[in-house]
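Hello,

Here is the structure I promised to pass on. Please open it alongside this email, and my notes follow below.

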There are 2 protein chains.
Amino acid sequence: MEGFRATRTILSLTRSSYVVWRQVLRKESTISPQTNLIQDLSYLKQEPKLAAASEIVKRYDTFLFDVDGVLWNTDESPIPGITDSLEKLKELDKTVILVTNNSINSRKYLQKVIKRRLGYDFPKENIFTVAYTAALFVKEIANVQGTVYLMGSPGMASEMDDLEINHVGFGPDPDPPSMDPQEILQRPLHENIGAVVVGMDPYIGFNKFSKAASYLYNPNCYYVATNCFEGGLHVGQGKVMPITGTFVTALNFLSKREPVVIGKPHKYMLECIETKHFIQRGRTIMVGDNLRADIGFAKTVGIDSLLVLSGANNLQDVQENLESDCPSKKNLIPDYYAMSLADLCKSL
Amino acid sequence: MEGFRATRTILSLTRSSYVVWRQVLRKESTISPQTNLIQDLSYLKQEPKLAAASEIVKRYDTFLFDVDGVLWNTDESPIPGITDSLEKLKELDKTVILVTNNSINSRKYLQKVIKRRLGYDFPKENIFTVAYTAALFVKEIANVQGTVYLMGSPGMASEMDDLEINHVGFGPDPDPPSMDPQEILQRPLHENIGAVVVGMDPYIGFNKFSKAASYLYNPNCYYVATNCFEGGLHVGQGKVMPITGTFVTALNFLSKREPVVIGKPHKYMLECIETKHFIQRGRTIMVGDNLRADIGFAKTVGIDSLLVLSGANNLQDVQENLESDCPSKKNLIPDYYAMSLADLCKSL
């Protein structure tokens, strides 16, 4: 499974593609340089504070970090000084936990990527990918009895294996696709499916949709999705690839059900972390580059948040949210901002 | 293609499954017998008239008939006397046209089914399936230049072949599924794709979604879907199969575009018919068993409508629509109703 096609390049490309995709959607021909944006801060009505390291380390014990756009740039290059920041927080006896919506890779794989890119040994038990958290949710929060029908990635399957969760469905579907209801009727379904879990699955298809919806026809079967927001990535040259949101949207429509969504900004990532770590929410801060996912997550679980300007969103986006008529956007204002995580920790 | 798995049983099973599926969704344990429902008509505030054959044949020259639930019952058995009704309308020199949302079968195949079930030779040029109409729309209304990327059924491919429309994509996708953006970047797309057309496709999958969305990334590429309403069919024993709406919902989310939808209740079925037949809309009536699709279609194109009680909807449903707060439902009231098409024509 480690040799799976996607694992090599997805960590970097999905992030940069995401940014490109957003730019296209918003029809922005140029993005202003961040230095100029900082000057625009005066327009904000309820502005986030420029974070001061001394204040931050005094106020918080637990630091939740997003990964892409926080530990490294969109081009995979590490944020200069990032390793020093991680070391300093460790010296100060702070708990640092990575919280990422990536549903393709296992923690073990992400740990290797961090080692390769930053030269830093990040403890596996402090990494919470959505692939891992989905498994943790199934086992420790939903307490699912029975087998999981998994439409997911190698990382998701490997995390389920690690937690000794019985699962079926991973990989290509064994049956030839058929639109013949009689044939579908004759095909046996797995017995005792307790949950359908959906993430990135390159083998998604007619039969998988059919089977997942059939399991979900039982109202006692859990429906869990890693993500639901984003449907696709523009990978360049007018080429688009579907991501989890597309599959979840289809299955929602087909099954007429809504999943429990594990990824940020939903609350379950923190609930899963809390099954493994002692956390005081009042002394915990989420640091991320994405307003909707990261700052939204902080708002959902009632913790403070810090936006780093090294990734997806900038202060202009914060300003847009402040000025928005939409309550769900208006709420997406971080408590603090910093140019980058390294920048924040520089003066520690 | 005629030997394709789905073609044998889908015509009957999809309809009966649809009814079962609706019952489940509406949590109706029983459906009142139609005779009782007729007594309930007094509750209707703006009731449809019980159709009298003499009035109907006087007022209309063109009769558009839905197929499933109108020509035959949900169990495939022909409505008793249906052939006499068709013969009588023919004798009276009325134009009878079949208008069905079935996107799996070709006209040729449906013609054979009608012959087999009713013993009636229905002229192919008066059959408008959504598989045929999608092809007609592409060729004669949208005037698409270039090749069609088809995610569709054997019937759709065969109708495109008949109209000499170049198409690619039909059948299994030739590339192995890959979530690797680099690999997706390296794969060539077909040049000069003028439209993406989506219908029932048992080979739907990751690569097809990816390719379709990539073609739709070009704003000049048409996006056409046969249907969008229904996502799935309950085929019995808790087993569900996806239908076109599921794929269209997914592709909408992925491509951030909305298709031109060919099937009833959208207007294009009639526009396509009008490219082949002379029709006076003021002297045309739509006869169907489905309020949303058939009566909705009549409302969309501004023609009169008649609900037959031999299929999906009954007068209780009409009453629910009349009492609904939702304007789009409130509008779905037929001008006439009849127990069945044969019942209507009995006194001719």
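**Around helix 7 of chain B**

The cover over the buried residues of helix 7 of chain B includes helix 5 (107–118), strand 4 (127–129), helix 6, strand 5 (147–151), strand 6 (167–168) and strand 7 (193–198) of chain B. Keep in mind that this is a predicted model. The buried residues in helix 7 of chain B are B:Pro154, B:Gly155, B:Met156, B:Ala157, B:Ser158, B:Glu159 and B:Met160. That is 7 of the 9 residues of the helix, so helix 7 of chain B is largely enclosed by the rest of the structure. Just past the end of helix 7 of chain B, B:Glu164 has a positive phi of about 55°.

**Helix 6 against helix 7**

Helix 6 (residues 130–141) of chain B packs against helix 7 (residues 154–162) of chain B. The angle is about 40°, and the axes are 8 Å apart. Helix 6 of chain B is therefore oblique to helix 7 of chain B. Their crossing is right-handed. Helix 6 of chain B brings B:Ala131, B:Tyr132 and B:Ala135 to the contact. Helix 7 of chain B brings B:Gly155, B:Met156, B:Glu159 and B:Met160. By class, this contact has 5 nonpolar, 1 polar and 1 charged residues. On spacing, an α-helix has 3.6 residues a turn, so residues three or four places apart point the same way.

**The sheet in chain A**

Now to chain A. Here 7 strands form an open sheet, in the order 1-14-13-12-2-3-4. The pairing is parallel. Strand 1 (49–50) and strand 4 (127–129) of chain A are at the edges. Each has a single partner strand, so one side of each is left without a neighbour in the sheet. Helix 12 (residues 291–301) of chain A packs on this sheet. Helix 12 of chain A touches strand 2, strand 3, strand 12 (284–288) and strand 13 (304–308) of chain A. Its direction makes about 160° with that of strand 13 of chain A.

**Strand 2 of chain A**

Both faces of strand 2 (residues 62–65) of chain A are covered. A:Thr62 and A:Leu64 are buried on one side, and A:Phe63 and A:Phe65 are buried on the other. Strand 2 of chain A pairs with strand 3 (residues 95–100) of chain A in the parallel sense, over 4 bridges. Opposite A:Thr62 stands A:Thr95, in strand 3 of chain A.

Best wishes

Notes: Residues numbered from 1 in each chain as written. Chains lettered and ligands numbered in written order. Predicted model: local features only at pLDDT ≥ 70, side-chain atom pairs only at ≥ 80, totals over all residues. Heavy atoms only, no water. Axes fitted to C-alpha atoms, helices over the stretch in contact; angles between N-to-C directions. Helix = DSSP H or I, 4+ residues; strand = E, 2+ residues; numbered from the N terminus. Parallel < 35°, antiparallel > 145°, perpendicular 65-115°, else oblique. Left-handed = near helix turned anticlockwise from the far one by under 90°. Contact = heavy atoms within 4.5 Å. Nonpolar A, V, L, I, M, F, W, Y, C, P; charged D, E, K, R; others polar. Buried < 20%, exposed > 50% of the residue type's maximum accessible area, 1.4 Å probe, protein only. Pairing = 2+ DSSP bridges.
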